[in-house]
Amino acid sequence: MNTEKTEEFMKYDQFLKRIKTLVKKRMGDDYFVDINHVTKNNSIELDGLIILKNGEEITPNIYLNSYYENYMNGECFEDIVEELIKIYEDTMENGEQEALCIQYEFETMKAYIVFRLVNYQKNSKLLKEIPHIHYLDLAITFHCLVKDTEEGLGTIRITNEHIEQWNITLEELTEIARNNTPNLLPVSIRSMNDVIIDILNKDMRFQDIENLTDGDNQIEDILNDLNQDAPHDMYVLTNIKGINGASCLLYPEVIKELADQIRTDFYILPSSIHEIILVKENGQIDINALREMVLDVNYTQVAEDEILSDHIYFYSRERDAITLL
């Protein structure tokens, strides 16, 4: 007779309830504990654990989806609870509490309102709940920047409810974000060669490229090979943080000034929500090849929630305008 016991795992909703119950028990009555269902960019849905100390108003979400996978793979439930609480405690100890204590009121947050670019179709459900502007096949959305440290950026998405509470219009919100975003997140434009040099330098752990002999300069050899296969000059456009930098596409005069400086039109490739690539028009560009490249990169190299668009765009110097191809 087979006496082997088959372990039964909780279903996902049971897992969430159990997490909430045990974390609340551990944290005590001074804390509010809940599960927050979050719709991320491109309609990616996640469930976040909220641990909110009495008197606080904002707290980060600790997303639980991957922890359920760990649980299904055999990780002890109690260990998961301990890890979640430690993440919360480490967050507070590392200075995150300064961002968490910001009052979410219009006059306080006005100076930190910024915009982003996201895919319109992939976010159609979310866009019903937030103020936005339809732009090409994209949407301009609005956020409050509540953390800006070396570790990264922390933002809160502005909803229709917020602008109703603040008693402001979409036009007013747009003007505020248009003024704030280039100042809070300045533009960064670099040639693709410079970007590749940095990547190779980091990967090869070269400390000083200039000290390498010509015979040993692997980076130069790689770039020479690359330029033979891709002779068209390319530039990477993002912000100085490299986070949600595709929004720099909307910065006044940025692309125009670069195009005027080197006297060219540009094909615009949506690398991700974090950056875009500008390709000089030289009359020999294969547009279909560019489209195929964007599609291939999006679905093999870019995380699902970081895809910006499957299309390419074109900037005309003569018309000073960006069009969808």
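Mentor: Happy to! Let's start at Tyr 12, which is partly exposed, with a relative accessible area of 25%. Keep in mind as we go that this is a predicted model. Tyr 12 belongs to one aromatic cluster, together with Phe 9, Phe 15, Tyr 68, Tyr 71 and Phe 77.

Take Phe 9 and Tyr 71 to begin with. Their ring centres are 5.4 Å apart and their planes stand at 90°, an angle over the 60 degrees needed, so this pair is edge-to-face. Phe 9 sits in the segment before helix H1 (12-27), while Tyr 71 is in helix H2 (residues 65-72), so the contact ties together parts that are 62 residues apart in sequence.

Now back to Tyr 12, whose partner is Tyr 68. This aromatic pair is edge-to-face too, with 5.1 Å from centre to centre and 75° between the planes. Here Tyr 12 lies in helix H1 and Tyr 68 in helix H2, so the pair links distant parts of the chain, 56 residues apart. Tyr 68 has a relative accessible area of 16%, which falls under the 20% cut-off, so Tyr 68 is buried.

Definitions and conventions. Residues numbered from 1 in each chain as written. Predicted model: local features only at pLDDT ≥ 70, side-chain atom pairs only at ≥ 80, totals over all residues. Heavy atoms only, no water. Phe/Tyr/Trp six-rings, centres within 6.5 Å; stacked < 30°, edge-to-face > 60°. Helix = DSSP H or I, 4+ residues; strand = E, 2+ residues; numbered from the N terminus. Buried < 20%, exposed > 50% of the residue type's maximum accessible area, 1.4 Å probe, protein only.
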